[in-house]
Each structure stands twice: as structure tokens, then as C-alpha cells.
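This report goes through selected computed features of one protein model. Please keep the sequence and the coordinates at hand while reading.

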Amino acid sequence: MLHGLKKRNWKDDQLSIINRILELDDTRRRLQQEIEQCQASLKKYATEIGQLYKEGKAQEAEAAKVEVASIKEQMKAPENELREVKTELENLLLEIPNVPHKLVPFGQSEEDNEVYKAWDKPLPELPQDALPHWELAKKYQLFDLELGTKLTGAGFPVYLGQGARLERALINYFLDRAHQAGYKEVSPPLLVNADTARATGQLPDKEGQMYYVERDNFYLIPTAEVPVTNLYRDTILEESDFPIKLTGYTPCFRREAGSYGAHVRGLNRVHQFDKVEIVRIEHPDNSYQALDEMLEHVSSLLDELELPYRIVRLCGGDLGFTSALTYDFEVYSAAQKRWLEVSSVSNFETFQSHRLRLRFKDGKKKRLAHTLNGSALALARIVAALLENNQSPEGIHLPKVLHPYTNFPLISPQTTP
RNA sequence: GGUGAGGUGGGUGAGUGGCUUAAACCGCCGGUUUGCUAAACCGGUGUCUCGAGAAAUCGGGACCGCGGGUUCGAAUCCCGCCCUCACCGCCA
């Protein structure tokens, strides 16, 4: 475990909190035993006193009460100490991220991520006058960022006409494909309470990333992962319930403080975007096979959309707090000449299920299940790449697989808006 | 938003201070009987946590929506909160 945490570039003083936790846990046990012993004798006295009163031995009962009072007095100190120890312990435990899987490479930042599956065909080349997607959006009136700013603020795009229809087409296409792959569709609430946000690990780590509705104490979901995975909070499954495969479309809301400039132009980074998520709850023995299946699923979507992509394995420095192993899918955006992250597929092992109290019966024992999820897919950047890579003098050609969904094969000024 | 009624185990549901170790019924698991199925009968049937043990298991503690309080003793009494249902108001 310590070796694993070093992959997250933990310094020695951070590692020492592990020792502190072990120490606190010992104290906790000792105090708990001490208190429970007292409780046991209090229980005995209570029945005894009841008995004595019934027999009319009031004097003896009074004597016993004095005894009880002294035990209670004696319990006070350990009780207070236990409360403190428990609080400190819980706070420390919430600070511990998931332990990276053995495949996770060492590294500081996304620079150190490992290309797991490269794009082995030539990358598309566009003519010199090729436009980035935010220019194309203006040209064909597909979405409008300034209108969004008027309604809300920066980072809330308004999709219009063919842009809005393309958005809807992609959602339906992704949902249908997930359905075909055996995922059960869920349409969850977009606001969740703090318990829900904590169980999937958004709280306390990503507090600042979520929009918060103070009046009702609700959080706007940053991803469908949160409500969908939480369907199984406080659940005990049978082994025969596996695998559990869920999918859901939701808008996702992210405050995304930080990072400005060209990289966040257009749809590259927005506060609200649409996403179809796939979630799996698996037997620990099968979770890595499930992860591979999810990679296959996402790959097949990108193949069908005819987008060039690569898969990278996140290094320790880039790995999310809750994840044990994450693969990112990056689509090549020809006009921007850069790779855009469009999907992130992760195995959380027992990290979330511990907080979810999501277990299954393994014979007589109960064990924590494994949870996984992945974007399949995130819309905004897919739209960006589709627009840029498929631009041509006559318009933007959409991949065949989308035609039944859009009812138009080409985006052009001539197409019905 | 207003008024009222409620929240008990997998389900229904009894339980107004100690006889509750939460009744009873249903469900589920095991067994007996029986050509098979069914029925009947018998036994078992929660979660968390601490300790002992190689394990089966055994022992302690907590848990009747959540959190406090009263009491020697709380499912039961008191206070706060959350939620559900019904009706009214508003409304896609």
C-alpha cells in the first residue's frame, strides 16, 4: 500500500499519516472494549434494580443506584476520548486516496501518462484554411457561446439547429449502443444530496468542482457516475446478481476553476456538457475483465464514428483520487492538432463500495464489490472533433452510423437548419 | 407553502417505562414425511462492531427514520431534524 501511494508522489510526511491511523485505531479498540465492559455491567444493574423494586427491597435498589452512578462517572473520560479519536480517524481516512493498481506508471503529470494503444494509421491532414470547431459553429450556426453567456455565463453553450440535433443524435446513438451491449438504462436526478456525493468520492475531495444549491443542500452532479452508482448504496447483493451494467445520459455540471487560454476555447472545456456514462458493479475477480470490456465498448464507438483516437494509461500523478486504474481515450482534433480527452474509464475496486457500503454475499461472508465506470461518451469534445475532422468545402460530413439519428448526412448551410 | 396521519426486521404488522432476548403471520433456507409437485410438521432466518479461535462457531456491545435529552432502566416519555402518505394551495 505504501509503495502504491508513492506512485501518487506522496512525501514521507504524508506517508506518516498511515502510522498515525494505525495508532489511532489501536486506541479506538482499547477504549471501545473498556466502555463496552462498563455498558455490560450497567445492563446487569438495571435488570437487578427492577427486580429489587418488584420485591420491595427499595433500600438495596438505592444502593445499586449509587454503584451505577460511579460506573457512569468512570465511563465519561474514555467516552470523550473515543469520540475524539473516532473523529480524527474518520477525517484522516477520508484523505487517503485509492491505492494505484500495479499497472499504474510512476509520474507527475499527464506528460508521464503511458500510451497504451496508439493510433496506428496516419493522422488526418486538413488543408491550411481548415477551421477550428468554434469557427465552424459560427459558419453553420451550430452552437453559440455568447448567447450562453447572456443566459448564464461563460462555459454554457447554447446548441442551435443542426448542432442541437447532432447533440441529440449522439446521445441516442450512445444510449442505443450501450443498451445493445447489455447496459440497463437509468435516468437519474441531476441534483444529489451530500451522502450521495460522499459515497462516490466527490466529497470531500472535489467539493469546489461541484455547483452547490445552498438553500436545499444539494449538489449538481458532475457526472452520471454519482447518482447511478449510488443506486446501490447500502446494498447487499447475491453473487448471482453480477454483473450489474448500467448506463445513463445526463448533463454534467463542472465549475472547473483554473486553466485558461486557447486550450479551453470553444467546446474544449465547458461548465455544462452532455455525457452518456456506463457503470458496472462487479465481483472482485472479474472487475479487470469488465474494465477491458468497457475499453472495447468505447473503442467500438470511436471506430464507428470514424475518429482517430488513442488510449493512455494514467500515471500516478494524473490518476483521480478515487481510482485504482484509469484509461483515458483521446481523440485527435485535426484542426487544433491536439488530442482531446473524450472518455475516462476507471476501476475503483473497493474504494467507492466501501463508502457506499455495497457488498455481496460470498458464502456466509460479506465482501465489498468492485465498481467501475466510463464515459461512453462525453459529447462536447466529440462534437468538436467530428466538426473539425470532417469539414470540407461542401459542408461537414457526418459518419454513416449517425445518419439514422440525425436524418441528415451533411451539415451545410443548405441543409434544413 | 398549509393541515393532518405516520416511520418497528426481507414484507405485513403488534407493541404507551422492566415480563421484548421485538409477538404473530407471510416470505426465504434446511430437514422430516410423501410416486413428483403441493400441503403439513420441525428447526433456522438481520446489520454493524469488539474479543477468542485455523475454522465451524462462541462471547460482549450497538442498532425500532436520524440526532440529542429524561431515567437505575426507553421501540415506548420529552426536544430538534429528516423522510413518507393523505387532503388543500400552486404548477409542467
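## Basis and conventions

The structure is a predicted model, in which local features need pLDDT of at least 70 and side-chain atom pairs count only at pLDDT 80 or more, while totals for chains, interfaces and linings use all residues. Residues are numbered from 1 along each chain as its sequence is written, chains are lettered from A and ligands numbered from 1 in the order in which they are written, and side-chain values use heavy atoms, with hydrogens and water left out.

Helices (H or I, at least four residues) and strands (E, at least two) are DSSP runs, numbered from the N terminus. For accessibility, buried stands for under 20% relative accessible area and exposed for over 50%, with partly exposed in between (1.4 Å probe, protein chains only).

## Salt bridges in the helices

Across the whole structure, 17 salt bridges are found; the criterion is a side-chain nitrogen of Lys or Arg within 4 Å of a carboxyl oxygen of Asp or Glu. One of them pairs Arg-20 with Glu-88, with 3.0 Å between the closest N and O atoms. Arg-20 belongs to helix H2 (residues 12–54) and Glu-88 to helix H3 (residues 58–94), so this contact ties together parts that are 68 residues apart in sequence. Both ends are partly exposed: Arg-20 has 31% relative accessibility, and Glu-88 has 32%.

A second salt bridge is formed by Arg-29 and Asp-25, at 2.7 Å from N to O. These two residues are 4 residues apart in helix H2, a separation of about one helical turn. Asp-25 is buried at 18% relative accessibility, whereas Arg-29 is partly exposed at 45%.

## Negative surface patch

Glu-110, Glu-111, Asp-112, Asp-318 and Glu-341 make up a patch of negative charge on the surface. Patch members have over 30% relative accessible area and no salt bridge, and like charges are joined within 9 Å (for nonpolar side chains, namely Val, Leu, Ile, Met, Phe, Trp and Tyr, the limit is 5 Å). Asp and Glu count as negative, Lys and Arg as positive, and His and the chain ends are not counted. Each charge is placed at NZ of Lys, CZ of Arg, CG of Asp or CD of Glu. Accessible areas come from the Shrake-Rupley method with a 1.4 Å probe.

Glu-110 is exposed, at 58% relative accessibility.

## An open three-stranded sheet

An open sheet consists of 3 strands in the order S5-S7-S6, with antiparallel pairing. Strand S5 (191–192) and strand S6 (212–213) are the edges and have a single partner strand each, so one side of each lacks a neighbour in the sheet. Pairing requires at least two bridges between two strands according to DSSP. S6 and strand S7 (residues 218–220) are joined in the antiparallel sense over 2 bridges, and Tyr-212 is opposite Tyr-219 in S7.

## Backbone geometry

Most residues other than glycine have a negative phi, and most peptide bonds are trans. The peptide bond between Phe-242 and Pro-243 is cis, with omega about -10°; Pro-243 is in the loop between S8 and S9. Another cis peptide bond joins Ala-376 and Leu-377, with omega about 5°, and Leu-377 lies in strand S16 (residues 370–378).

Asn-9 has a positive phi, near 60°. Asn-9 is placed in the loop between helix H1 (2–6) and H2 and is partly exposed at 23% relative accessibility. Lys-337 likewise has a positive phi, near 55°. Lys-337 lies in the loop between strand S12 (325–333) and strand S13 (338–349) and is exposed, with a relative accessible area of 61%.
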